[in-house]
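Okay, thanks for making time for this one. Let me put the model up, and then I'll walk you through a few things.

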Amino acid sequence: MAVGRDGRDFMGLLLAVNLVVYLIIVVLAGCSLDIYIDVEQNNPHLGVNPTTTFVLMFGLIAGVIGACSVITGIMHFYAWGSGSLAEASSLGNISWALIALAFGLGCKEIILGGHRGKPLQVLEALIVIAMVSQLLYIGVLHAGMFYSRYRPYYRSYSSNYRGRGGGTDTTHEPQTTDTQTIA
């Protein structure tokens with residue numbers, strides 16, 4: 001089996017799940033926020049909980065950043081190198097932090113109680129699913145540090161690069177000018 005193939009297979013599945021979940025979160029939070037802004041704040045679709053606005057706003061922000069994280073993850077999936085790993089892991093960590101914030105607000109909304117419509121209940125469930133799957137995705141991204149089967153390909157320079165002693169030649173030769181001076 002090729003180096004890094006185990007992590008790559010599981011990461012592809014997580015990216016597909018995350019993309020679908022984040023897009024549904026963006027649509028649900030965006031439509032619900034649109035209804036809330038249009039002066040229908042006591043709509044049975046939304047409920048009357050005071051934390052609803054915050055859940056909708058942070059759910060929308062976390063969904064958009066999460067979708068961007070998935071796009072970066074797909075680019076890393078195809079490149080599968082150390083350069084793209086830094087981009088994918090940093091945006092994945094930011095995305096997980098935002099979805100965890102939306103999860104905390106969703107928990108506060110549930111604790112406060114009151115009537116919540118079905119779309120809000122679905123949004124809360126999708127935020128939980130997104131938080132768990134994003135955490136698994138970050139775990140797979142960082143698994144290469146601990147186990148070589150999950151590691152992407154790293155570039156290594158041999159000590160005998162083109163007959164020299166190192167990978168990069170840092171010597172300088174004196175510069176000569178072959179042009180004549182114009183008077």
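One term before anything else: buried means under 20% relative accessible area, exposed means over 50%, and partly exposed is in between, with a 1.4 Å probe and protein chains only as cover. Now the ground rules. This is a predicted model, so local features need pLDDT of at least 70, side-chain atom pairs count only at pLDDT 80 or more, and totals for chains, interfaces and linings use all residues. Residues are numbered from 1 along each chain as its sequence is written, and side-chain values use heavy atoms, with hydrogens and water left out.

Cysteines, then. Cys 31 has a relative accessible area of 45%, so it goes down as partly exposed. Cys 68, at 36%, is partly exposed too.

On to the fold. The chain has four helices and zero strands, taking helices (H or I, at least four residues) and strands (E, at least two) as DSSP runs numbered from the N terminus. Along the sequence, that reads α-α-α-α. Of the 183 residues, 36% are buried. If you take contacts (heavy atoms within 4.5 Å) between residues at least 6 apart in sequence, 80% of them join residues at least 24 apart.

The unreviewed UniProt entry annotates "transmembrane region" at residues 12-37, 57-79, 91-113 and 125-147; keep in mind that such annotations may be inferred rather than shown by experiment, with positions given in the numbering used here and feature names shortened. In the model, residues 57-79 are 100% helix, with end C-alpha atoms 33 Å apart. For residues 91-113 the end C-alpha atoms also lie 33 Å apart, and the span is 96% helix.

Let's stay with helix H3, residues 82-112. Its expected span (1.5 Å times one less than its number of residues) is 45 Å for 31 residues, and its end C-alpha atoms are 45 Å apart, so the two agree. Its buried residues include Ser 84, Gly 92, Gly 106 and Glu 109. After H3 comes Gly 113, with a positive phi near 75°.

Last bit, aromatics. Rings of Phe, Tyr and Trp (its six-membered ring) pair if their centres lie within 6.5 Å; planes under 30 degrees apart are stacked, over 60 edge-to-face, and the rest tilted. That gives one pair. Phe 77 and Tyr 78 have ring centres 5.5 Å apart and planes at 80°, so they're edge-to-face. Tyr 78 is exposed, at 62% relative accessible area.
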